[in-house]
Number of protein chains: 2
Amino acid sequence: MTEAVMTKDRPTTMNSVDVAALSETLSALQRQPALGAFQFRAKNVWASGGLNRSTIDGFFGAGKEETRPRPFTFAADEPPVLHGGDQGANPVEFVLHALAACMTTTMVYHAAARGIEISSVSSEREGDIDVRGFMGLADDVRKGYSQVRVKLHVESEAPPAKLAALAKMSPVYDIVSNSLPVEVAIEAH
Amino acid sequence: MTEAVMTKDRPTTMNSVDVAALSETLSALQRQPALGAFQFRAKNVWASGGLNRSTIDGFFGAGKEETRPRPFTFAADEPPVLHGGDQGANPVEFVLHALAACMTTTMVYHAAARGIEISSVSSEREGDIDVRGFMGLADDVRKGYSQVRVKLHVESEAPPAKLAALAKMSPVYDIVSNSLPVEVAIEAH
């Protein structure tokens with residue numbers, strides 16, 4: 001899955017990432033740190049029971065508003081054992097997807113920027129959760145996952161410790177493994 | 001969007017949640033706490049650059065392995081400004097979807113269990129992120145979101161503070177706002 005397109009002596013593409021463009025982005029961010037400020041957004045509408053849908057479209061980044069060719073929409077639901085209709089993955093499963101996607105992309109991008117070739121990446125994630133926490137049946141049981149385990153299989157010449165360090169630069173790894181202020185406002189009518 | 005089906009004097013369905021079944025689940029969990037242990041899973045395969053795909057299917061819960069009628073698959077990608085092909089929402093956007101979905105479902109379920117009728121829910125989430133953290137350009141900038149703001153619009157007779165408290169029982173709210181151990185194993189070959 002890796003292409004290395006050579007221009008003169010330097011590859012412009014590594015791990016299918018345009019490293020020449022990535023390098024330009026890094027220089028631009030060093031010159032103008034304010035370009036680093038991004039804001040991502042999601043809207044969600046409840047359908048019924050455990051079923052709801054999110055729409056993800058525009059965002060702010062690199063100094064301007066951006067739109068997508070079309071919005072992305074995702075349904076979330078619960079499986080029957082959790083009283084849903086199973087019309088979508090459930091919210092905590094989407095966390096595993098976000099974590100998987102982010103650690104993979106982060107490792108691939110940072111490897112590309114360092115000239116480390118990666119031929120393939122596959123991974124598995126498991127999250128343990130005791131639903132008694134969510135149900136409010138046990139105060140000593142947390143509501144979210146108690147632990148998440150990640151296993152990455154990477155085809156690369158680079159040492160595993162190096163690859164793990166790159167994968168851990170992932171924003172979602174940071175969001176999940178560290179705490180983050182979430183401000184909640186409710187408007188009831 | 002709310003149905004209230006009455007059987008004798010008690011509704012069996014509230015906010016489209018089968019509260020009779022929910023009540024049975026709560027009783028079962030009190031009798032057999034071990035049934036609360038769930039494990040959710042995701043597999044992911046890198047495609048190229050910022051594009052990868054997750055598959056979500058079976059899980060363990062309520063004492064047994066469960067499968068889905070069909071697996072759920074999701075692509076994640078980056079927008080062009082972040083050097084991707086925009087073939088999917090990006091990983092940090094999926095975090096906002098997971099958070100939106102989870103806070104909505106949690107509020108709706110807990111309201112149902114308490115006899116609080118909810119007619120509609122819509123919400124917006126914004127996450128601020130300075131990509132210089134991810135890029136490794138500034139040690140004092142975190143890699144994930146610095147803050148997430150949630151705004152919920154709820155049609156209900158219940159007081160907003162009550163609804164906010166129910167929404168905050170969300171597992172993904174817990175995962176995002178608190179820290180969580182993530183164990184990472186890399187197998188390179």
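Biologist: What makes the pairing of the side chains of B:His153 and B:Glu124 a polar contact?

Modeller: In this predicted model, the side chains of B:His153 and B:Glu124 are joined at 3.0 Å, and because a polar contact requires a pair of N or O atoms within 3.5 Å, the pair qualifies. A polar contact of 2.9 Å also joins the side chain of B:His153 to that of A:Glu187.

Biologist: Why is B:His153 called buried?

Modeller: B:His153, which lies in strand E10 (residues 147-156) of chain B, has a relative accessibility of 16%, and since buried means under 20%, the residue counts as buried. Leaving aside residues up to four places away in sequence, B:His153 touches residues including A:His189, B:Val121 and B:Ser122.

Biologist: How do you know that the two copies are related as by a two-fold rotation axis?

Modeller: Chain A is superposed on chain B by a rotation of 180 degrees with 0.0 Å of shift along its axis, at an RMSD of 0.0 Å, and the two copies are therefore related as by a two-fold rotation axis. In chain A, the C-alpha nearest the axis belongs to A:Ser179, 2.3 Å from it, and 100% of the contact residues of chain A recur in chain B, so that the same surface serves both copies.

Biologist: What describes the packing of helix H2 against helix H4 in chain B?

Modeller: Helix H2 (residues 91-113) and helix H4 (residues 160-167) of chain B pack at an angle of about 115 degrees, with their axes 7 Å apart, and the crossing of H2(B) and H4(B) is right-handed. By class, their contact has six nonpolar, two polar and no charged residues.

How values were computed: Residues numbered from 1 in each chain as written. Chains lettered and ligands numbered in written order. Predicted model: local features only at pLDDT ≥ 70, side-chain atom pairs only at ≥ 80, totals over all residues. Heavy atoms only, no water. Axes fitted to C-alpha atoms, helices over the stretch in contact; angles between N-to-C directions. Helix = DSSP H or I, 4+ residues; strand = E, 2+ residues; numbered from the N terminus. Left-handed = near helix turned anticlockwise from the far one by under 90°. Nonpolar A, V, L, I, M, F, W, Y, C, P; charged D, E, K, R; others polar. Buried < 20%, exposed > 50% of the residue type's maximum accessible area, 1.4 Å probe, protein only. Polar contact = N/O pair within 3.5 Å; in protein donor to acceptor, adjacent residues only side chain to side chain. Contact = heavy atoms within 4.5 Å. Least-squares fit on C-alpha atoms with pLDDT ≥ 70 in both.
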